[in-house]
Amino acid sequence: MLNRERYRAATPVWLHLMHILLLGSGGREHALAWKIAASPLVTKLWCAPGNAGIAREAECVALDASDHAAVIEFCKRHAVDLVVVGPETPLVAGIVDDLAAHGIKAFGPSQLAARLEGSKGFTKALCTEFGIPTGAYGRFSDADAALAYVRAKGAPIVVKADGLAAGKGVVVAQTLREAEDAIAMMFDGAFGAAGAEVVIEEFLSGREISFFALSDGETAIALASAQDHKRVFDHDEGPNTGGMGAYSPTPFVTPEIHAEIIAKIILPTVTGMKARGTPFRGVLYAGVMLTPDGPKLFEYNVRFGDPECQVLMLRMMSDIVPAMLASCDGQLKNFDLRWYPESALTVVMAAKGYPGDYVKGTRIEGLDEAASVEGVEIFHAGTTSKNGAILSNGGRVLNVCASGKSITEAQHRAYAAVDRIQWPQGFCRRDIGWQAVERERG
């Protein structure tokens with residue numbers, strides 16, 4: 001009989017039968033859990049805190065990711081080989097550093113490298129220093145100076161809280177009055193410490209896309225492109241949200257544009273972060289505007305997008321676990337990822353009232369019937385399970401995903417599944433992927 005613990009101790013980590021802990025509870029984490037659980041390298045997967053859908057892929061545990069000591073203790077007790085950090089807040093709080101100090105490997109950037117998302121001003125300064133194309137900007141810790149800047153520049157203009165504000169700290173002001181109101185709101189404490197400093201940026205016109213790359217601190221390899229739909233209602237109307245749907249690949253990232261984003265945005269960022277002594281390891285998620293002057297960076301995130309992660313995981317043919325290990329260990333140089341050629345699309349179902357006030361605890365039915373549609377996979381976000389029933393437990397609640405030979409086919413399958421879900425208290429956009437569908441129709 002193979003002595004499991006002796007085998008684990010004597011085997012290189014690449015060949016371990018691994019114990020993995022995933023942190024998070026959203027649709028992104030369900031997609032990651034689904035992909036990680038499919039790896040033949042993984043013998044045990046936990047998720048903290050998880051959700052009703054993740055519970056099918058992993059053992060959900062009541063751990064608070066903000067309690068670093070508790071996470072470390074859990075990892076030691078259960079011989080966790082790798083921690084995968086889903087959301088940005090623990091990364092910006094330095095959980096990867098704290099785990100590393102105890103000899104625990106974690107996928108994601110250090111606290112200093114996570115400033116790419118944790119501080120808009122930090123990223124803008126990096127762009128200036130290393131010649132990364134981005135919009136003109138000013139950085140302010142004083143409301144009067146910020147107001148003087150926007151009055152000099154005029155509208156439209158973009159006002160951002162410098163720190164993390166759960167995706168809500170950005171105001172695209174179409175008028176001077178909107179910009180002035182946004183500045184007042186931020187300096188009045190609407191986002192707490194995140195708004196103590198404000199970044200004001202040139203409004204970039206063009207097509208917005210999401211571009212993902214894995215980095216190991218030295219090099220980077222591109223993941224697939226995607227396009228998110230931020231506005232809550234059809235035709236891109238209403239307030240911004242965390243994302244109401246996404247698709248991949250986007251036809252607007254041609255091979256030439258792909259190469260330009262890698263050469264002018266991704267690689268200079270990796271080089272710049274290394275030069276500053278804060279190498280970036282993990283997922284680089286670039287928000288890029290395809291402007292008439294070429295691709296320009298408007299923001300960085302330091303983790304997978306949500307809901308973009310859902311479509312990326314559907315399209316990724318390769319095992320994700322070796323890719324994560326290669327990122328942690330500086331081994332991406334000779335690494336390659338394979339992708340399915342099919343398109344993927346996800347529709348977010350949200351609780352009525354989102355992104356404002358919404359009710360939790362409403363019953364959702366028809367999920368098994370919806371999942372029986374060809375090519376469909378349903379990833380849970382804000383859900384919980386009670387007495388065998390699935391109940392809503394957040395704003396964005398479900399991700400109804402589908403693959404297809406084209407964006408049009410994936411869209412058709414996703415909405416066929418949506419129509420089988422019985423949840424009167426939920427809603428979704430009905431036009432996810434519309435730009436690509438129009439393009440496919442010619």
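This is a predicted model: local features need pLDDT of at least 70, side-chain atom pairs count only at pLDDT 80 or more; totals for chains, interfaces and linings use all residues.
Which residue in S9 is the bridge partner of Ala-161?

**View 1. An open sheet is built from four strands.** The strand order is S6-S9-S7-S8, and the pairing is antiparallel. Strand S6 (137–140) and strand S8 (170–173) form the edges, each pairing on one side only. From one strand to the next, the twist averages 15°.

**View 2. Strands S7 and S9 are joined by five bridges.** Strand S7 covers residues 157–161 and strand S9 covers residues 198–202; the two run antiparallel. Val-198 in S9 is the bridge partner of Ala-161, which answers the opening question.

**View 3. Helices H7 and H8 accompany strands S6, S7 and S9.** Helix H7 (residues 120–130) lies across S6, S7 and S9 and runs at about 140° to S6. Helix H8 (residues 143–153) packs on the sheet, where it touches S6, S7 and S9. The direction of H8 makes about 160° with that of S6.

**View 4. Helix H12 (residues 320–329) is mostly covered.** Of the 10 residues in H12, nine are buried. The buried residues are Ile-320, Val-321, Pro-322, Ala-323, Met-324, Leu-325, Ala-326, Ser-327 and Cys-328.

**View 5. The two ends of helix H12 are shown with Asp-319 and Gly-330.** At the start of H12, the backbone nitrogen of Val-321 has a side-chain oxygen of Asp-319 within 3.0 Å. Val-321 is also among the buried residues of the helix. Gly-330 follows H12 and has a positive phi, near 70°.

Note on methods
Residues are numbered from 1 along each chain as its sequence is written. Side-chain values use heavy atoms; hydrogens and water are left out. Two strands pair if DSSP finds at least two bridges between them. Axes are lines fitted to C-alpha atoms, for helices over the stretch in contact, and angles run from 0 to 180 degrees between N-to-C directions. Contact means heavy atoms within 4.5 Å. Buried means under 20% relative accessible area, exposed over 50%, partly exposed in between (1.4 Å probe, protein chains only). A polar contact is a pair of N or O atoms within 3.5 Å; within protein, one must be able to donate a hydrogen and the other to accept it, and residues adjacent in sequence count only if both atoms are side-chain atoms.
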